[in-house]
Amino acid sequence: MEILNNIEAVIATLTFLAVILVIAFEQLHLTVASLLGALILVFTHVMTLKEAIDYISYSYATLALFFGVMVLVRSFEPTKIFDYLATQIILFAKGSGKLLLIGIVVVTSLVCSVLPNATTVMLLAPLIPPIAQDIGIDFVPLLILMVLVSNSAGLLTLVGDPATFIVGDAINISFLEYLQRLSLGGLLSVIVICLMLPILFRKLWRTQYKHLEDLPHPQINHPRVLVVGGIIVAFVLVFFVIGESFPVPISPAAVALLGATLALLLAHQSKIDTVSNILRDVDWSTLIFFMSVFVLIGGLEKTGVISSLSGVLSLIIGQNIFLGSLLLVFSIGLISNLVPNIPLVVGMVPLLKQYIVTAGLAGPEVLASDFSGALPPIVLPLFYAMMFGATLGGNGTLVGASANIVAAGISEQHGRKISFKTFFKYGFPVMILQLIVAAMYIMASFVI
């Protein structure tokens with residue numbers, strides 16, 4: 001292939017693969033590995049520093065959203081609300097490990113049906129370490145469970161995962177149409193996790209904490225501040241859902257930044273914490289990792305590696321949409337093990353549109369950036385397959401989805417590292433079974 005003769009493409013590809021391998025074998029911290037990889041592309045002139053920063057800027061909304069929610073959550077730590085809620089959850093589950101696991105699945109799924117999965121993890125994950133500490137268990141498996149559920153429940157609605165939103169926007173599917181056509185697939189993905197709970201978490205499944213009276217009873221500090229903080233959080237959550245439907249749309253990223261600013265203002269004025277302390281505790285490691293990954297993906301895009309895959313796709317699939325859909329579910333799912341799903345679908349959507357035009361399945365008008373029509377129904381399963389593959393494939397490895405990296409950062413802040421191997425042990429079996437179920441669901445859509 002011509003791409004192999006392009007030295008810049010070879011450097012970009014080898015650098016990307018090297019970063020993934022170094023992270024997988026835990027030779028370097030994932031942030032250091034990804035940042036080093038991004039700088040290799042700059043110093044080998046695969047791209048200039050300005051181009052690297054431009055690739056980061058393309059994903060400004062993701063970075064702004066993460067930063068805003070991180071600040072918002074951290075601002076209310078002095079109130080001890082997370083410790084208090086953790087104790088209440090244990091009491092509600094009556095000390096039963098089985099009920100605790102099911103409760104995490106249900107709560108995470110409900111929240112993730114209205115908020116992006118990484119945002120859901122940022123809001124709920126701080127509850128997990130106190131819960132585990134209170135009943136004397138390791139919190140890492142619980143965090144991994146929350147991540148697996150959030151990635152899967154991201155398929156319940158159009159806004160549950162950035163990948164579903166990006167693909168849904170590309171095919172101009174409405175929120176209601178998504179519920180009618182695809183939400184059942186998301187529900188099946190969550191059910192797969194529920195069925196695997198007694199196997200993957202068998203020790204905790206059988207746990208029964210009998211000394212509930214010995215649990216610590218943390219008291220909420222600064223109740224008045226917490227009431228005002230609750231109003232800020234409610235404002236943020238509501239505008240996450242409805243903000244983009246206004247005549248002048250308000251993006252979730254802008255809402256998150258406003259919420260963070262109001263939270264900083266509240267913390268400063270009430271003197272429950274200082275602005276410098278809050279900003280110091282932001283998970284900068286996770287943010288830098290995402291920036292570096294966007295540069296690495298940008299290197300593959302700039303050098304033509306990603307676009308070359310379109311020709312391969314066209315050659316393999318031809319005009320067989322049924323075969324192509326099944327192939328996409330598994331191939332995109334496996335690729336998403338290594339490539340975070342946000343940059344993956346950003347790169348794959350235009351390639352898939354180019355493929356359906358090249359194959360004569362749609363007119364060239366679908367390639368326009370302002371295309372607002374409906375795609376031919378015959379090609380929609382291809383996009384559904386990409387959506388399911390990219391979202392569920394993120395469950396396979398630690399670097400597969402943004403929620404995974406967010407959880408790893410939160411875990412590290414609480415003194416425990418989620419290793420690539422540990423996440424793989426839980427996530428990969430779940431991903432394989434979910435991809436099989438998703439393939440069956442897409443096959444059924446052909447029959448219907």
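**Chat about a helical chain**

Modeller: Of the 448 residues in the protein chain, 53% count as buried (under 20% relative accessible area with a 1.4 Å probe, protein chains only). This is a predicted model, where local features need pLDDT of at least 70, side-chain atom pairs count only at pLDDT 80 or more, and totals for chains, interfaces and linings use all residues. Residues are numbered from 1 along each chain as its sequence is written, and side-chain values use heavy atoms, with hydrogens and water left out.

Colleague: OK, how many helices and strands does the protein chain have?

Modeller: There are 23 helices and 0 strands. Helices are DSSP runs of H or I, at least four residues, and strands are runs of E, at least two, numbered from the N terminus.

Colleague: And what's the radius of gyration?

Modeller: It's 22 Å, close to the 22 Å the globule rule gives for 448 residues, so the chain is as compact as a globular protein of that length. That radius is taken over C-alpha atoms, and the rule is 2.2 Å times the number of residues to the power 0.38. Along its principal axes, the C-alpha trace spans about 65 × 50 × 50 Å.

Colleague: Switching to α21, is that helix mostly covered or mostly open?

Modeller: Mostly covered: 14 of its 14 residues are buried. The expected span is 1.5 Å times one less than the number of residues.

Colleague: Which residues of α5 are buried?

Modeller: Ile81, Phe82, Ala86, Thr87 and Ile90. An α-helix has 3.6 residues a turn, so residues three or four places apart point the same way.

Colleague: What do the buried residues of α5 pack against?

Modeller: They pack against α4 (60-75), α7 (117-124), α8 (128-135) and α14 (223-242). The helix itself covers residues 81-92 and reaches 16 Å from its first C-alpha to its last. After α5 comes Lys94, whose phi is positive, near 55°.

Colleague: New topic. Where does Asn151 lie, and is it buried or exposed?

Modeller: Asn151 lies in helix α9, residues 140-153, and is buried, with a relative accessible area of 0%.

Colleague: What is Asn151 in contact with?

Modeller: Leaving aside neighbours within four places in sequence, Asn151 is in contact with Asn117, Asp161, Thr391, Gly394, Asn395, Ala401, Ala403 and Asn404. Contact means heavy atoms within 4.5 Å.

Note on methods:
Buried < 20%, exposed > 50% of the residue type's maximum accessible area, 1.4 Å probe, protein only.
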